[in-house]
Amino acid sequence: MSEQQAQLADLETTLLADIAAASDEQAIEAVRVAALGKKGSVSEKLKTLGSMSAEERQVMGPAINGLKDRVGEALSIRKASLRDAAIETRLAAEKVDVTLPVRQPPAERGRIHPISQIIDEIAAIFGDMGFAIAEGPDIETDHYNFTALNFPEGHPAREMHDTFFFQPDEKGERKVLRTHTSPVQIRTMETQKPPIRIVIPGKTYRQDSDATHSPMFHQLEGLVIDKSANVANMKWVLEEFCKAFFEVPNVKMRFRPSFFPFTEPSMEVDIQCDRSRPGEVRFGEGSDWMEILGCGMVHPNVLRHGGLDPDEYQGFAWGMGIDRIAMLKYGMPDLRAFFDADVRWLSHYGFRPLDMPTLFGGLSS
């Protein structure tokens, strides 16, 4: 055996030992590059064939290429073995118990908050009657929140105990967190010509907190302005809404005289109900009554502040608490839980996100 052949034998022994010692796929790749890469030990041997004589090439050519083939085969076998071992290790570490129940996807686990559900129901009902949805800012000026709505100076609603006031600005004016959604009535009259048919769901703020009141709550306002709008139209709209919302075929409503600065005449509305069962209210039956909203014909002063002539136009408006009608419809005992962010409460009272409320399929189905 020549010296060159002896060197090849030693190199083969070393490479096969390195291949056998490789513990993972990364290590075996390092051995492959060191042996068969561009500057690998076997590749360097192949480069020497060009400087050999014809006789030497006849002997060393087959010897070096044979070494290359044997090393390549050993690398392939070891790499396959390491890959199989890695898969077995991963399978052992990532066992799946197929007897466990399948987890619900997010669309099934998630829940729509009752307030969002109620607003969707309101939009579906009034949209079917030809109303549009209107919105306005939560932070209002004294003009839009009080003056334009015919609240006289010194009215109790302007006082600190009821309204959240901001610090005076550079002009000395104090903004407020709106105490009702009624300012949107004025903003709509300023920008839209009659006929106007809008409903205004949104957040409102007052300094009050107990089981049925919250410093921040949701209110629904409705407004119709036309040349012939009247109390009979208003009664029909409210009756149709209550029938659709509470999902009953008939309702009896009682209109009582009241006072609101922005309507004249003003009325409070009671709806017939049955409260004989503890913790349950059923509408459309029974002999009891429950107040659910306030309404009336829009005051001429409010029309003037909205830029309309009360001798030409008239209208009616109403307002109700969204949180309160949600509590009545779905049997929720405490308003404060609406804002506690308790996932257990939301899981119980919330609605599936893909169950959209429709008039033909049922609002609360």
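A341 sits in the loop between α11 and α12 (343-349), with helices (H or I, at least four residues) and strands (E, at least two) taken as DSSP runs numbered from the N terminus. This is a predicted model, in which local features need pLDDT of at least 70, side-chain atom pairs count only at pLDDT 80 or more, and totals for chains, interfaces and linings use all residues. Residues are numbered from 1 along each chain as its sequence is written, and side-chain values use heavy atoms, leaving out hydrogens and water.

E247, another non-glycine, has a positive phi of about 55 degrees. E247 lies in the loop between α9 (231-246) and β6 and is partly exposed, at 39%. Most residues other than glycine have a negative phi, and most peptide bonds are trans.

Two cis peptide bonds turn up as well. One runs from P194 to P195, with omega near 5 degrees, and P195 falls in the loop between α8 (183-191) and β4 (196-205). The other joins E264 to P265, with omega near 0 degrees; here P265 is in strand β7.

Then there is α4. This helix bends by about 30 degrees at M60, with P62 following within four residues; the bend is the angle between axes fitted to the seven residues ending there and the seven starting there. Its buried residues, M60 and L82 among them, pack against α1 (3-21), α2 (25-36) and α3 (41-47), where contact means heavy atoms within 4.5 Å.

Technical notes
Buried < 20%, exposed > 50% of the residue type's maximum accessible area, 1.4 Å probe, protein only.
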